[in-house]
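Please read them beside the sequence and the coordinates.

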Amino acid sequence: MNMASTSDPTQFCTGAGSVMLNGFQGAYGGNRCVLYLFGHWSVNSKAKYFFAVFGTFLIGILLNGLTFLRRWFVGYLEAKYPAPKGATVGVGAGAPLYLMFIASFTYASQMLFAYFAMLLVMLYEKFIFTGLVLGLMVGHFLFDVYLVRRIKLGGQSVSGETMCCGGCNCVAPQQEAAKVVDNTLVAPCEPANQ
């Protein structure tokens with residue numbers, strides 16, 4: 001039975017919602033509806049579709065913002081609570097436990113939204129995918145280009161790692177803590193590809 005011939009032409013999309021389309025396509029005009037992250041969030045109207053695309057765009061920006069916030073906070077901890085001489089421990093070793101929990105919470109938040117972004121790409125819905133890519137681009141510009149230049153982070157970007165996977169692309173990042181010189185945070189990491 002051909003579903004397209006029996007569907008109502010006034011419907012935005014068909015079905016209760018799907019988590020993967022068959023290749024990149026739009027979830028409108030008689031195509032299958034998509035589920036936006038949760039089972040009860042079916043994108044089955046123009047308004048829901050607009051908010052899904054716009055919300056995905058904001059997730060891209062938020063993901064870059066969380067990444068920037070986490071890197072800034074870790075740099076702050078390294079500068080304010082350096083590891084004792086000769087210690088081989090990591091970030092802000094002398095920091096109080098509650099500050100280390102905040103750093104861990106910002107990382108967990110970053111990873112949560114990174115996995116949300118991955119799941120949204122896996123919908124194979126072309127405008128949701130485009131909204132995410134544009135959000136990541138705008139977020140990168142705002143946080144990794146504009147804001148880094150504006151607060152002058154010692155000429156080094158706080159964004160040397162990939163957003164989804166984390167990890168510092170640094171050579172011996174634990175040997176020297178970040179320093180504050182003339183109200184400018186100077187990170188100890190050097191890019192690994194030099």
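1. Over residues 1-5, where pLDDT stays under 50, how many contacts beyond four places in sequence does the model have? The model, which is predicted, has one such contact for this stretch. Helix H1, at residues 3-6, has the lowest mean pLDDT among the elements of the protein chain, at 47.

2. The other end of the numbering needs a separate remark. Residues 159-178 also keep a pLDDT under 50, yet the model has 43 contacts beyond four places in sequence for them. Where pLDDT is low, the predicted coordinates should not be read in detail. I would ask that the text say so when these contacts are mentioned.

3. For the protein chain as a whole, the mean pLDDT is 74, and 66% of the residues reach 70 or more. Helix H3 has the highest mean among the elements, 92. H3 covers residues 97-121.

4. Is Thr56 buried or exposed? Thr56 sits in helix H2, which runs over residues 46-80. Its relative accessible area is 0%, so Thr56 counts as buried, the limit being under 20%. Apart from neighbours within four places in sequence, Thr56 is in contact with Tyr36, Leu120, Ile128, Gly131 and Leu132.

5. Which residues make the nonpolar surface patch of about 550 Å²? They are Val19, Met20, Tyr115, Met118, Leu119 and Met122.

6. Two backbone angles deserve a check. Most residues other than glycine have a negative phi. Leu37 is not a glycine, yet has a positive phi of about 70°. Leu37 lies in the loop that joins strand S2 (32-35) to strand S3 (42-43). Its relative accessible area is 24%, so Leu37 is partly exposed.

7. Tyr124 is the other case to look at. Phi of Tyr124 is positive, near 60°, and the residue is not a glycine. Tyr124 is partly exposed, with a relative accessible area of 30%.

Key: Residues numbered from 1 in each chain as written. Predicted model: local features only at pLDDT ≥ 70, side-chain atom pairs only at ≥ 80, totals over all residues. Heavy atoms only, no water. Patch = residues over 30% accessible without salt bridge, like charges linked within 9 Å, V, L, I, M, F, W, Y side chains within 5 Å. Areas by Shrake-Rupley, 256 points an atom, 1.4 Å probe, with all protein chains shown as cover. Salt bridge = Lys/Arg side-chain N within 4 Å of Asp/Glu carboxyl O. Helix = DSSP H or I, 4+ residues; strand = E, 2+ residues; numbered from the N terminus. Buried < 20%, exposed > 50% of the residue type's maximum accessible area, 1.4 Å probe, protein only. pLDDT = per-residue confidence, 0-100. Contact = heavy atoms within 4.5 Å.
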